[in-house]
Amino acid sequence: MSNNRRILYISQEITPYLKASALGQMCQILPGKVQEKGFEVRTFMPKYGCINERRNQLHEVIRLSGINLTIDDTDHPLIIKVATLQSSRMQVYFIDNDDYFQHHAVSDLEIRETPEENDERLIFFVRGVMETVRKLRWEPETIHCSGWVTALAPLYLKKQYADDPTIGNAKIVYSIFDDQFEGTLDPRFVEKLIADNISKEDISILGEAPVDCVTLNKLAIAHSDGIIQASENIPQELIDFANSLGKQFLPYQGETPDAQAVVDFYESL
């Protein structure tokens with residue numbers, strides 16, 4: 001790894017902002033441990049409606065908010081909020097928008113409450129992260145994506161932002177968890193990606209049928225530099241797929257992340 005010791009984490013969820021989960025705890029503990037090793041770390045996650053803004057001391061970053069992201073011919077304002085994770089003093093940025101994330105408490109995460117919107121929600125979240133990091137002019141050496149909500153990040157980084165001086169040169173790591181969504185994404189998902197300047201060739205792995213979670217994970221694997229098995233039981237099909245593409249692969253390390261093993265993995269890419 002070069003003298004650039006900046007690592008960007010894009011996470012599906014982070015404890016303690018949401019109910020504790022294996023994914024959320026991993027996305028809290030690992031960046032904190034990596035930060036303790038002298039790396040500069042920033043983390044992004046969606047601003048789900050059940051996150052208590054007052055209790056968690058979220059506030060909007062006006063200078064980063066305000067741009068519109070066009071998805072399927074509709075403009076969606078990007079709102080950026082930030083909080084500090086007290087345990088590690090780590091900054092966490094939240095991607096928010098009235099269309100995709102509720103502004104009142106809901107019984108479950110929007111990705112499960114309104115799954116019919118997940119295709120556009122994923123596009124908005126990933127593009128929101130990219131545009132915010134560009135505005136920050138913060139150049140990460142490595143970008144580590146965790147969970148299927150982040151699965152479009154490798155694709156966008158490699159294809160839409162490859163020439164961007166801020167994020168285009170970063171190595172991309174994708175962690176696969178046993179957290180999966182049921183069913184399939186909107187049948188027009190591929191059409192919406194193509195309308196967003198993604199070529200049909202770059203997403204040929206999605207095929208013609210509606211996209212399920214395994215296929216979405218394959219898309220992330222195909223455009224990543226390294227893959228981490230973050231849960232003990234993930235579909236063998238995904239491990240075989242990563243191996244068939246010759247991707248560097250870090251096997252399951254246990255419930256508590258081994259930060260040194262992960263840092264060594266970053267440096268091997």
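Predicted model: local features only at pLDDT ≥ 70, side-chain atom pairs only at ≥ 80, totals over all residues.
A residue is called buried at under 20% relative accessible area, exposed at over 50%, and partly exposed in between, with a 1.4 Å probe and protein chains only. By this criterion threonine 43, with a relative accessible area of 0%, is buried. Residues are numbered from 1 along each chain as its sequence is written, and side-chain values use heavy atoms, with hydrogens and water left out.

Threonine 43 belongs to strand β2; helices (H or I, at least four residues) and strands (E, at least two) are DSSP runs numbered from the N terminus. Contact is defined as heavy atoms within 4.5 Å. With neighbours within four places in sequence set aside, threonine 43 is in contact with Tyr9, Ser11, Ile14, Pro31, Met90, Gln91, Val92 and Tyr93. The C-alpha atoms of threonine 43 and threonine 132 are 12 Å apart, with a sequence separation of 89 residues.

Aromatic rings were examined next. Rings of Phe, Tyr and Trp (its six-membered ring) are paired if their centres lie within 6.5 Å, and the planes count as stacked under 30 degrees apart, edge-to-face over 60 and tilted for the rest. The structure contains 5 such aromatic pairs. In one of them, phenylalanine 44 and tyrosine 93 are stacked, because the ring centres are 5.0 Å apart and the planes lie at 15°. This pair links distant parts of the chain, 49 residues apart, with phenylalanine 44 in strand β2 (residues 40-46) and tyrosine 93 in strand β7 (residues 90-96). Phenylalanine 44 is buried at 0% relative accessibility, and tyrosine 93 is buried with a relative accessible area of 5%.

A charge is taken to sit over a ring if NZ of Lys or CZ of Arg is within 6 Å of the ring centre and within 35 degrees of the ring normal. Arginine 5 has its charged end over the ring of phenylalanine 39, at 4.0 Å from the ring centre. For arginine 121 over the ring of phenylalanine 101, the corresponding distance is 5.9 Å.

Phe101 is also among the residues touched by lysine 47, which include Glu53, Leu58, Phe94, Ile95, Asp96 and Gln102 when residues up to four places away in sequence are not counted. Lysine 47 is located in the loop between β2 and β3 (59-60) and is buried, with a relative accessible area of 1%.

Serine 146 is in strand β8 (residues 142-146) and is buried at 6% relative accessibility. Beyond its neighbours within four places in sequence, serine 146 has contacts with Ile10, Ser11, Gln12, Leu23, Cys27, Ser175 and Phe177.

Grid points are joined across faces, edges and corners, and a volume is the space filled by probe spheres set on the points. The structure has 1 cavity of 30 Å³ or more. The volume of the largest cavity is about 100 Å³. Its lining comprises 14 residues, of which Met26, Ile228, Ala230, Pro257 and Val262 lie nearest the centre. The elements α1 (22-36), β8 and β10 (226-229) each give two or more residues to this lining. By class, the lining consists of 7 nonpolar, 6 polar and 1 charged residues, where Ala, Val, Leu, Ile, Met, Phe, Trp, Tyr, Cys and Pro count as nonpolar, Asp, Glu, Lys and Arg as charged, and the others, Gly among them, as polar.

Several backbone features fall in loops. The peptide bond from threonine 15 to proline 16 is cis, with omega near 15°, and proline 16 lies in the loop between β1 (6-11) and α1. Aspartate 72, although not a glycine, has a positive phi of about 55°. Aspartate 72 is in the loop between β4 (68-71) and β5 (74-77) and is partly exposed at 26% relative accessibility. Asparagine 197, also not a glycine, has a positive phi of about 70°; asparagine 197 is in the loop between α5 (189-195) and α6 (213-222) and is exposed at 69% relative accessibility.

How values were computed
1 Å grid on protein atoms, 1.4 Å probe; cavity = no way out; pocket = protein on both sides within 12 Å on 5 of 7 lines; lining within 4 Å.
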